[in-house]
Amino acid sequence: MYLLSVRHLSKAFPQGERTFYALSNIDLAFPERGLFAIVGKSGSGKSTLLNLLSRLDKPSAGYIRFKGEDIFSPSFKKHYAANVFQHYQLLDKMSSFDNVAMALKILGRHGIRKKTNEALRKVGLDRLKEKNVDVLSGGEKQRVAIARAIVSDPEILFADEPTGALDENNAETVMKILSQEGKRRLVILVTHNEEYVHRYCDGYVRLKGGKIVERKIPIKKAKESKSTKAGHGLGWRKTFLWRNLKGNFAKNLICLFAGILGFSALLLSLGFYSGQGKALEKQKRRSLLYQTSYLYEQDRFEVENSPLSLLRQIRPSMQTALDLTEGIKGLTFETDYSFFFPGSLSFKLDEVSQDPVRFAPVYDLTLKEGGGDLLIQGKLPRANTMGECLVNEEFISFYQGEVGDLIEVSNIASIEKDGAKEDIILDFEMKISGVVKEFSFLNSPRVYYSYQALESQLQSYPLDNIGIAGLIRPRLGDFLSLLSPSSSYLNYRYLVFAHDPSEMEKVYDLIRRYEDDRNYGFENETYTVASSFEALSSTFMSALAMMVGLAAGSLAIILAMMAFSTYVKKKKEVAILYVLGAKQEDMTLIYAGEASFICFLSALGALLVSIPLQGFANRFLEGRFGMDKMIEIPYTELFGVPYLLIALTLVGAVVFGLLVASIPLVFSHHISLAEVLRDE
């Protein structure tokens, strides 16, 4: 078994419609030690052969075996060789010591300082080990490159024109070093200098036109050598990661700000999703109409000679109303007196005429049944009379009213029976007793009056012109009791009061059940407002989701471009690291790790920035919708797990950065090392 053997090796390059063979059907074998040269004129294929032997390029046909194993087999993992290049290929902005030590760090070897110092001493550079390679001479750089190649004690050393860029003295020094190394290991070099071949080499191979035309290589079978176990060197990756972070400071800063904005948008969106439902649930109760609903029946009839059908609204029977609301406690079904005292009326405020305002009935104006916590000014009425009223903030703001002001309102409603007509004249003077603060979304100025007080006056209102059989002095209540459910005087519906606020969720469930029902209707103004807000929130959430998606997509593109640009910008450095033994996963960690680290900092910054942003956004939304804490980012607990959101955000940011930045790097792993290292 030979140390290195080649069988039927070919390398082809397409040239238009033809194929050019740089190497054609090469058979070759090398012993375990000695200095051997590959010679020939330019274009003979010698550098191509060296690149294939050192795995810098892949053959088109044939195989290369190291101790019987195919070096291009997926199972071949040995780091069996090291390279010395004509143009040194050192890592810029690093010292001689660090350049040499990097080969050991990448391979995870131990005793790095001792081995590095010994390698530098062998090439006579121990006094320059702390010098930056950028300030060294050409000869010194090449000796650093040789020290880097031999420090890992490879079994084969490949050298491509190692003296090509050196003066005579430095070239002699390099050849002497390589000759000494040939006594310890196999050294294969490419050179044009025939004199060096005869003076220093133990043999040679001459190529012409991609074929071997002469060879002088004494063949000895290789002995089994002890394998060197490699550790898992991680520290060296940090070196390049930190260099990239500093070198790309401006780009990283832009990515950092973009990331903070993106993650902040995500956190605020999550906070809005988490908080708006709770805020709405709390705020929808903040209305004196919360416990007031309307129930009606619908009668469908067809229009003659028309494809259309119409719905007629009528008040259901009491039994029907009870059946429909079965299981809900504390409901009363009252007459809707809107015909006699409409919901919108003009009025006078301290004798000054005003535009119409909404007059809304409250069953108990003393608010003992609920809503008393909404009072922010004045006091609650002590009794249910038409002489007092409550108004909301919107009324005070719009009409510039104050507690104690007098509201004068008047209305005339006419009724008829059997040709007789009666005018029902209502005149009220209401003193503003207090002001309530309600859910301000879609809220309008309102005056709240006592339903019980209005009902008492209307029921006892005397009728002078309309007579009712059997009654000497009929009242309006007597007249109303005789009406059919479809009478307009009854406003075609029941006014439903819930006297127990805890039953309102059942009322809401019933309203939802009859939303699409064609036979019955159940309405509640606060439910309608809440539904409108939920629809608005849903639209807003969709917009937020789109914004977050765009932000994430933009951040992903920025990170991917940053990682790929850094990778391409430093492709030569990448190639050198590959030659030194780095793996694809190492490159991914270095260059995608930069994006991942920026993502981590962005997420951390967003977690900090989102705290004041949440407060600012809540104040803004409260001013617009009258709801506090619409955004509640669950920092401390998510799904019952303490600080889960923080952990998910930080870990997710790291994974996101790695995945996004790895995509272009994975596609670029087919990099041709020989091509890159040839590029000067």
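**View A. What covers the buried residues of helix H11 in this predicted model**. Strand E13 (331-335) and strand E15 (352-362) are part of the cover. Strand E19 (420-436) and strand E20 (446-450) also belong to it. Helix H12 (476-481) and strand E21 (494-498) are included as well. H11 itself spans residues 451-459. Its buried residues are Tyr451, Ala453, Leu454 and Leu458. Seen down the axis of H11, these buried residues fall within an arc of 165°, so they line one face of the helix.

**View B. Helix H14 packs against helix H16**. H14 covers residues 525-569, and H16 covers residues 584-625. The two helices pack at an angle of about 155°. Their axes are 12 Å apart. An angle over 145° counts as roughly antiparallel, and H14 and H16 are therefore roughly antiparallel to each other. H14 passes H16 in a right-handed crossing. On the H14 side, the contact is made by Phe533, Leu536, Leu559, Met562, Ala563, Thr566 and Tyr567. On the H16 side, Met587, Tyr591, Glu594, Ala595, Cys599 and Phe625 take part. By class, the contact of H14 with H16 has 11 nonpolar residues, one polar and one charged.

**View C. Helix H7 packs against H16**. H7 runs over residues 235-247. H7 and H16 pack at an angle of about 50°, and their axes are 9 Å apart. That angle makes H7 oblique to H16. The crossing of H7 past H16 is right-handed. H7 makes the contact through Trp236, Arg237, Phe240, Leu241, Asn244 and Leu245. H16 contributes Asp586, Met587, Leu589, Ile590, Tyr591, Gly593, Glu594, Phe597 and Ile598. By class, the contact of H7 with H16 has 10 nonpolar, two polar and three charged residues.

**View D. Lys141 and its surroundings**. Lys141 is found in helix H4, which spans residues 138-150. Leaving aside residues up to four places away in sequence, Lys141 touches Tyr88, Leu90, Val133, Asp134 and Leu136. Ser96 is 45 residues from Lys141 in sequence. In space, Lys141 and Ser96 are 8.4 Å apart, C-alpha to C-alpha.

Note on methods: Residues numbered from 1 in each chain as written. Predicted model: local features only at pLDDT ≥ 70, side-chain atom pairs only at ≥ 80, totals over all residues. Heavy atoms only, no water. Axes fitted to C-alpha atoms, helices over the stretch in contact; angles between N-to-C directions. Helix = DSSP H or I, 4+ residues; strand = E, 2+ residues; numbered from the N terminus. Parallel < 35°, antiparallel > 145°, perpendicular 65-115°, else oblique. Left-handed = near helix turned anticlockwise from the far one by under 90°. Contact = heavy atoms within 4.5 Å. Nonpolar A, V, L, I, M, F, W, Y, C, P; charged D, E, K, R; others polar. Buried < 20%, exposed > 50% of the residue type's maximum accessible area, 1.4 Å probe, protein only. Arc of directions from axis to C-beta.
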